Amino acid sequence: MDAALDPAAPLPNDPRRRKDQIKLRAARFGDYEAAHRDDTDLGVSTKALRSSRGT
């Protein structure tokens, strides 16, 4: 999880994993929230991602 959220870490070659990591990073840093305000579960998910261990 740490590598997936590290903006300096390289993204995987697998398209699905790459997309997932991009979404995780965007959620952690607030960019995803700005684009998806209508997602009712997003607040809880991003709060968990921003916690110390992403749980």
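Ala48 sits in helix H4. Please keep in mind that the model I am presenting is predicted. Is this alanine, Ala48, buried, exposed or partly exposed? Ala48 has a relative accessible area of 23%, and is therefore partly exposed, since the buried class ends under 20%.

Arg28 brings me to the pairing of helices H2 and H4. Two packed helices are described by the angle between their axes and by the distance between those axes. Here, helix H2 covers residues 15-29 and helix H4 covers residues 42-50. Their axes come within 8 Å and cross at roughly 90 degrees, which means that H2 is roughly perpendicular to H4.

Which residues of H2 and H4 meet? From H2, they are Leu24, Ala27, Arg28 and Phe29; from H4, they are Thr46, Leu49 and Arg50. By class, this contact of H2 with H4 comprises four nonpolar residues, one polar residue and two charged residues.

Let me now turn to the chain as a whole. The protein chain contains four helices and zero strands, so that, read from the N terminus, the order of elements is α-α-α-α. Of its 55 residues, 20% count as buried. The protein chain exposes about 4,200 Å², and carbon and sulfur atoms supply 51% of that area. Finally, among contacts in the protein chain with a separation of 6 or more, 14% come from residues 24 or more positions apart.

Conventions
Residues numbered from 1 in each chain as written. Predicted model: local features only at pLDDT ≥ 70, side-chain atom pairs only at ≥ 80, totals over all residues. Heavy atoms only, no water. Helix = DSSP H or I, 4+ residues; strand = E, 2+ residues; numbered from the N terminus. Buried < 20%, exposed > 50% of the residue type's maximum accessible area, 1.4 Å probe, protein only. Contact = heavy atoms within 4.5 Å. Areas by Shrake-Rupley, 256 points an atom, 1.4 Å probe, with all protein chains shown as cover. Axes fitted to C-alpha atoms, helices over the stretch in contact; angles between N-to-C directions. Parallel < 35°, antiparallel > 145°, perpendicular 65-115°, else oblique. Nonpolar A, V, L, I, M, F, W, Y, C, P; charged D, E, K, R; others polar.
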